[in-house]
Amino acid sequence: MPGFNDVAWFEIGTDDPAAAERFYGDVFGWKVAQDDSASTDAAYRVVDTGGSRGGLFTGEENYAIFTVLVEDVDATCRQVEKAGGRVQRPPSVNPVGVTFAHVLDPAGNHFSVFTPPK
């Protein structure tokens, strides 16, 4: 696992998961599969690039973001706001214990932060 404050995950949100899986597989050879150790949500599948991992989330939004490993998601969200950014999706914990939040930098660029289960 990368160190704190390093990019440690990525996430692709899509309203057409079959097309996204096909696209990233055709272009880069990435594999997508359900991995209950990362998420028990059927809408969230794990992407294996052969060198790193990320998530493919089925929803109404289409996006691709990077995710930074942090020591404390709540503290990081406060720091984001103090530095002129905004919390887009407040901290929450998924069923496997990952705490995460989605934030925007001052220019409106979307990324997320997370801590692994304790």
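**Stop 1: the sheet.** Select β1 and β4. These two strands run parallel, and 4 bridges join them. The coordinates are a predicted model. Now pick T14 and look across to β4: its bridge partner there is T58.

Pick V47 and find its bridge partner in β4, which is G54.

Follow the chain from β3 into β4. The two strands form a hairpin with 4 residues between them. Select G50 in the turn: its phi is positive, about 95 degrees. T49 also sits in the loop between β3 and β4. Is T49 buried or exposed, or something in between? Its relative accessibility is 21%, so T49 counts as partly exposed; the cut-off for buried is under 20%.

Next, select β5 and β8. This pair is parallel too, joined by 3 bridges. Pick T67 and look for S112, its bridge partner in β8.

Now show every strand. How many strands form the open sheet, and in what order? There are 8, in the order β2-β3-β4-β1-β5-β8-β7-β6, and the pairing is mixed. Colour β2 and β6 (86–93) separately: they are the edge strands, each pairing on one side only. Look along the sheet for the twist, which averages 25 degrees from one strand to the next.

**Stop 2: the aromatic rings.** Show the rings of Phe, Tyr and Trp. The count comes to 7 aromatic pairs. Start with F10 and W30. Their rings form a tilted pair, 5.4 Å centre to centre, with 40 degrees between the planes. The pair links distant parts of the chain: F10 is in strand β1, while W30 is in the loop between α1 (17–28) and β2 (31–33). They are 20 residues apart. F10 has 16% relative accessibility, so it counts as buried.

Move to F23 and Y24. Here the geometry is edge-to-face: 4.9 Å centre to centre and 90 degrees between the planes. F23 is partly exposed, because its relative accessible area is 46%, between the 20% and 50% cut-offs.

Select F10, F23, Y24, F28 and W30 together. These five form one aromatic cluster.

**Stop 3: the largest pocket.** Clear the selection and turn on a surface. How much space lies in the largest pocket? About 630 Å³. Of the 26 residues that line this pocket, select W9, A38, Y44, N94 and V98, the closest to its centre.

Which elements give two or more residues to the lining? They are β1 (6–14), β4 (53–58), β5 (63–69), β7 (99–104) and β8 (110–115). β1 gives the most, with 3 residues.

Finish by colouring the lining by class. You will find 15 nonpolar, 7 polar and 4 charged residues.

Definitions and conventions
Residues numbered from 1 in each chain as written. Predicted model: local features only at pLDDT ≥ 70, side-chain atom pairs only at ≥ 80, totals over all residues. Heavy atoms only, no water. 1 Å grid on protein atoms, 1.4 Å probe; cavity = no way out; pocket = protein on both sides within 12 Å on 5 of 7 lines; lining within 4 Å. Points joined across faces, edges and corners; volume = space filled by probe spheres on them. Nonpolar A, V, L, I, M, F, W, Y, C, P; charged D, E, K, R; others polar. Phe/Tyr/Trp six-rings, centres within 6.5 Å; stacked < 30°, edge-to-face > 60°. Buried < 20%, exposed > 50% of the residue type's maximum accessible area, 1.4 Å probe, protein only. Pairing = 2+ DSSP bridges. Axes fitted to C-alpha atoms, helices over the stretch in contact; angles between N-to-C directions.
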